[in-house]
Amino acid sequence: MSTEFNFNADRKRVPVQSFHGLKSHCLSFGEVLAQSFAVIAPTTIAASNIGLIVALSGNGTWLSMVIGLIGLVFVSININQFASRSASPGSLYSYIVKGLGPTAGVICGWCLVLAYLFTAMSVLCGFANLSGAFIGHLGVHPSSITLLALGAGIAWYAGYRDIQLSAVAMLWLEGLSIALISILCFIIWAHHGFAIDLAQLSLKDVKPGSIGSGLVLVMFAFSGFESATTLGDEAKSPLKTIPRAVLGSVILAGLFFIYTTYVEVFAFHRSGADITHAEEPLTYLSQQIGLGWLGELVTLGALASFFACVLGSINPAARIFFLMARHGLFHAKLGNAHVANKTPHIAVTMSSFLTFLVPAVMSMFNIKLFDSMGYLGAIASFGFVTVYILMAIAAPIYLYRINQLHRRDIVCSLLSIAFMFIPLLGSIGIPGSTLFPVPEAPYNLFPYMFLVYLAVACGWFIFQRARSPKMVKKMVKAIDAIHTRFDDDQ
């Protein structure tokens, strides 16, 4: 596709039309940052899931958050080695092709598709579960499938209609939720005189193994921070905006996690209640200080965060489908862009339908929404972990090829890989280990299901490559063309 250019005030070329037919250079830094934040969905941790991490790490939960923040900063640095040099809708898929070759790149693409879609499915279940409980207070009890269809349908419309509509919606929904929770936690801490919780700071009754176990869930809490890289065509100044969004989302989410975790655990210590059994911890704490109405607003914020995460996960999944289809890896129609909306409308439609279909089928088999949320999220985590490890391997190899490798890059890569093996071992388990026990059923089956998925993906790629030997060369050439477009900006 040819690309026309205008010139800005600095006489630099600015594309009028995206290289891939998407809406070009329309998203500000805040809107790009909102994409990563939406998939991380930090509100859901503070509002509902913090008890799961505290059950493992106890008074060391804040330290697990700190270690997770540091580890994922290293991962984001590896990603930004590519994001600061090129940008496209293909995200990490195109980066891995440049670093490790076509086969590893295709594996990465399939892993990302699984990770984003199953994240969307998981949080859609959370959206339906929480909205059902909220609406139930009004005496209305819609079916689970109705609520799943409602969430997926609205997300589809936003993703189909306009990327700016999606970005603005995510920015406001997640931004307001985070602001509400931050204010509530400040009020709760002020209510207790901003006292210091020595039990947390001294790591009372905390064992090293408990920090490691909690770190597994912490890593999953951060998953999706890299999703801003799928907005390569649509972000303004993508080589600057996207790397800042990737690293910024990790740092900001990490600081939010540490702050809210400390306050919530401290407040539950003071109340004498057990946070590990609290499904809505902030609602309980707000009631304890006589601000129950603020707790209800936080619940609405969490509901908005779940929806923002659904939308935030569908958008990157669709864009990876979109670019891989243009490279011959999926049906060609998935690579079409809407003429008027400049969105990957067919890929968005398919991603939205799959996001609804799987949870709906699980609901028809009487699997509770809360359980479905856990199952689907656990499967998604395997995709993220695999991709992050591949990125850590690919970054130094890519830098070596372009003669820009330094010792610090190798150190960063090794630290990232070492860090990612903690959640990997935590998800798979080691027979007989007390630090990383084998998960209970059905979670113990998920690693094998993921391996089958990878085997099918690799088999499909081998079949396509045999049927069309020139496909790989065209794919590599197309990705090289993406990188070449940005050579003048280096």
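The buried residues of helix α11 pack against α2 (42-57), α7 (163-191), α10 and α12 (292-326). Buried means under 20% relative accessible area, exposed means over 50%, and partly exposed lies in between, with a 1.4 Å probe and protein chains only. Helices (H or I, at least four residues) and strands (E, at least two) are DSSP runs, numbered from the N terminus. Helix α11 covers residues 281-288, and its buried residues are Pro-281, Leu-282, Thr-283, Leu-285 and Ser-286. After α11 comes Gly-290, which has a positive phi near 80 degrees.

The structure is a predicted model, in which local features need pLDDT of at least 70 and side-chain atom pairs count only at pLDDT 80 or more, while totals for chains, interfaces and linings use all residues. Residues are numbered from 1 along each chain as its sequence is written, and side-chain values use heavy atoms, with hydrogens and water left out.

**Confidence**

pLDDT is the predictor's confidence in each residue, from 0 to 100. Its average over the protein chain is 87, and 95% of the residues score at least 70. Strand β1 (residues 5-7) has the lowest confidence, at a mean of 40, and helix α13 (residues 345-364) the highest, at 96. Over residues 1-17 pLDDT stays under 50, and the model has 30 contacts for them beyond four places in sequence. A contact means heavy atoms within 4.5 Å.

**The whole chain**

The protein chain has 17 helices and two strands. Its radius of gyration is 22 Å, close to the 23 Å that the globule rule gives for 490 residues, so the chain is as compact as a globular protein of that length. This radius is taken over C-alpha atoms, and the globule rule is 2.2 Å times the number of residues to the power 0.38. Along the principal axes, the C-alpha atoms fill a box of roughly 65 × 50 × 50 Å.

Of the 490 residues, 55% are buried. Among contacts between residues at least 6 apart in sequence, 80% join residues at least 24 apart. The accessible surface comes to about 20,400 Å², and 66% of it belongs to carbon and sulfur atoms. These areas come from the Shrake-Rupley method with a 1.4 Å probe; for residues, only the protein chains shown count as cover.

**Helix α10**

Helix α10 runs over residues 238-271; at 1.5 Å a residue, its 34 residues should span 50 Å, and its end C-alpha atoms are 48 Å apart, which agrees. The expected span is 1.5 Å times one less than the number of residues. A kink of about 25 degrees is centred on Gly-248. The bend at a residue is the angle between axes fitted to the seven residues ending there and the seven starting there. Because 24 of its 34 residues are buried, α10 is largely enclosed by the rest of the structure. Gly-272 follows α10 and has a positive phi, near 85 degrees.

Most residues other than glycine have a negative phi, and most peptide bonds are trans.

| Residue | Phi | Relative accessible area |
|---|---|---|
| Leu-203 | near 55 degrees | 29%, partly exposed |
| Asp-205 | about 60 degrees | 72%, exposed |

Leu-203 is in the loop between α8 (198-201) and α9 (208-222). Asp-205 also lies in the loop between α8 and α9. The peptide bond from Ala-441 to Pro-442 is cis, with omega near 0 degrees. Pro-442 is in the loop between α15 (407-428) and α16 (446-467).
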